[in-house]
Amino acid sequence: MGPTRLLALVRKEFLALFRDPKSRIILIAPPVLQLLVFSYAATLEVRNVDVMVLNRDAGHWGSEFISRIEASPQFRLVQRTGNPAELHEAIDRERVIAAVEIGPDFSRDIEAGSTADMAVILDGRRSNASQIVAGYISAIATGLAADTPAGQRLASVRVGTVARNWFNPNLEFKWFMVPGLVASIAMLVGLLVTSLSIARERELGTFDQLMVSPLRTHEILIGKVIPPILIGFVHITLFILAAVWIFGIPLRGSLFALYGAAFFYLVSLVGFGLFISALAATQQQAILGAFLFLVPAMLLSGFATPIANMPEWLQVLTYVNPLRYFLVIVRGVFLKEIPLAEVVAETVPMALIAGVTLPAAGWLFRSRLE
Amino acid sequence: MNAYRRGRTRRLTALIRKESFQIVRDPSSILIALVLPLILLFLFGYGVSLDTTHTRVGLVLEETTPVTLDLAASFQNSRYFDVTIGHDRREFAEDLVESRIGGFLVIPDGFTADLTASRHPAVQVIVDGADPNTANFVQNYAAGTVSTWEAQRAAERALTATPLLVQQRFWFNPELKSRNFLVPGSISIVMTLVGTLLTSMVIAREWERGTMEAMMATPVTAWELLAGKIVPYFLLGLGSMTLCVILAVFLFHVPFRGSILALYALSAAFLMPALGQGFLISAVTKNQFLASQLALLSGFLPSFLLSGFIFEINSMPTVIQYISLAVPARYLIPSLQSVFLAGDIWPMFLRSILILVGFGIVLFAVAIRKTAKRIA
């Protein structure tokens, strides 16, 4: 096979990609928007919490508790009320995520050394956020309890917990999200570019021209596959730079291992893209096909929620998802300095996926031509 | 009834019939209106879970005494943890690097002696910060388990009572199943797909093929044309929503505590801005490819990310919070979650409906202007 012919085809593909305003949009708009919106908006942290307080206690400890909530950086608005109906309504209408109810005997119980009760009502409609808020309020309560007379007496026998956050000392959500984006954006672009390239030529009729050129079918396929892989590498590189320089995320592991794994990742994705391309008759169908692949691939990868939370039968499905493996590698290389053996162990499945999807796409392609 | 009016009814019926035939015949409509909703609902029902029950953790017992075994047992009995016991922290360090566990707890050597000598013993909680959400939960629940264990010990020995007891009550969703709020939320995503993505692509195709201009040449007015397009997709959107609700209730067992009336009123109100946006996108782009990209970027992604569906709006940077005010799904999702989990809260629903209808009117007005301008 002539390298000049192949090179010419690759050049033509690049020209087509950058000259066509539609493909330029795909190359630029989704990646930039994703990076900005996801990194800043997609956070499961809970800040600026609004709570309502119903304090029936006239003593010192009730108001002390409220002022500790107000002083806590996670809380924004602490509304006071004397009316249980208003508290009910504030939770119902999602004006606050939590409400604290302090009974009339609160201070008296504390001074007397008996157990003082306090109720926290949380909005279960947002159960993830409300569990975190419950954690904040419990921590404040624990602090208050330690300062009560009984707490001080107990202090000497109290068992504490000392938390250490490995890999991400301040538990910053961006450190979790941005490395994930490096992997997922490369997927989005790589898949769309590949699946659209052949569909576009089919629609315009230029594909038949390619077919009657001296290029062999596999040469055409290789020519179609190289540009998305190179573009994928460019995107990965740009996002690694952004992660380190803009978002300040540590890069602890080996870049060499990361790029090595990225090659197999991109090849396996391009295999899927080519598959969609071979099935789609129009660009419209190619986009829908890519969308149908991308949404499940994103959701079933561990990108936003842990794979371990999924039912067993669904976990099996994640084994054919290249993003699942590459995410472990990217997060590992950025935050954890994962051992090379682990990188290899996660790369092998991607190589296997590529080994199946690429030939299968080629076969499907040829059989659709005849 | 005069002749013009009669003609209008006939024209409108004919248009609606024509659109309905097109929907039924076009495979991509079926794909977006039926297959995609099912896939999305299955993914959100089964695949996406923020439930932190049974997080896998390691527990290192550096010493084995009745006291530490008792504490270990209360970790093992916790509904939040799936505990593996070991005796050396190095065993778990590797698991943590390779993300096989969410964290590990260490009951250190000398714990019992420190406890009896009142020297502040502490359980160490080492979590995987690479997954901050799980890390937070492991920390909170570990602290909770330790203090419950302490309170029990104190009660058993009739020591001084614990000074403070916080009772937590999670309303509407006491089992804390994330599915219960994710599935209702995903219904609004489905309606966005039908209303915005499908509508914009189908109408853009008519512009591309020139059939839109052909229709403009008939006695049909712009309003009739719009109504003829909107009614079938409106019904299709409600149909997809109904399908999703049936699945949510009967397959995923999400409680449905509100009324059917509220559900349909909210959904109908939401479909107005969704369809308006779809119509506007098609009128502006007149091109299927651009329409689909714009619909995904301005419809699908914002309803997914900036609506409070998964990510708390209050935690986002202020600028993004302001942007989220323009996302219709933001007004639907809390109400939709309430219809399922809390029941009818009409003051909240009416406010959402008013805002959504307002959005709808503005979008339709702009879309009509854009359509009319093109022809002039």
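**Close-up views of a predicted model**

**View 1. A strand of chain B joins a sheet of chain A.** In this predicted model, A:Ala119 has B:Gln167 of strand 5 of chain B as its bridge partner. Strand 4 (residues 116-123) of chain A and strand 5 of chain B pair in the parallel sense over eight bridges; two strands pair if DSSP finds at least two bridges between them. Helices (H or I, at least four residues) and strands (E, at least two) are DSSP runs, numbered from the N terminus. Residues are numbered from 1 along each chain as written, and chains are lettered from A in the order written. Local features need pLDDT of at least 70, and side-chain atom pairs count only at pLDDT 80 or more, whereas totals for chains, interfaces and linings use all residues.

**View 2. Helix 11 of chain A packs against helix 12 of chain A**. Helix 11 (residues 255-279) and helix 12 (residues 283-299) of chain A pack at about 140°, their axes 9 Å apart. Axes are lines fitted to C-alpha atoms, for helices over the stretch in contact, and angles run from 0 to 180 degrees between N-to-C directions. A:Phe272, A:Ile276, A:Ser277 and A:Leu279 of helix 11 meet A:Ala286, A:Gly289, A:Ala290 and A:Phe293 of helix 12; residues are in contact if their C-beta atoms, placed from the backbone, lie within 7 Å.

Key. Contact = placed C-beta atoms within 7 Å.
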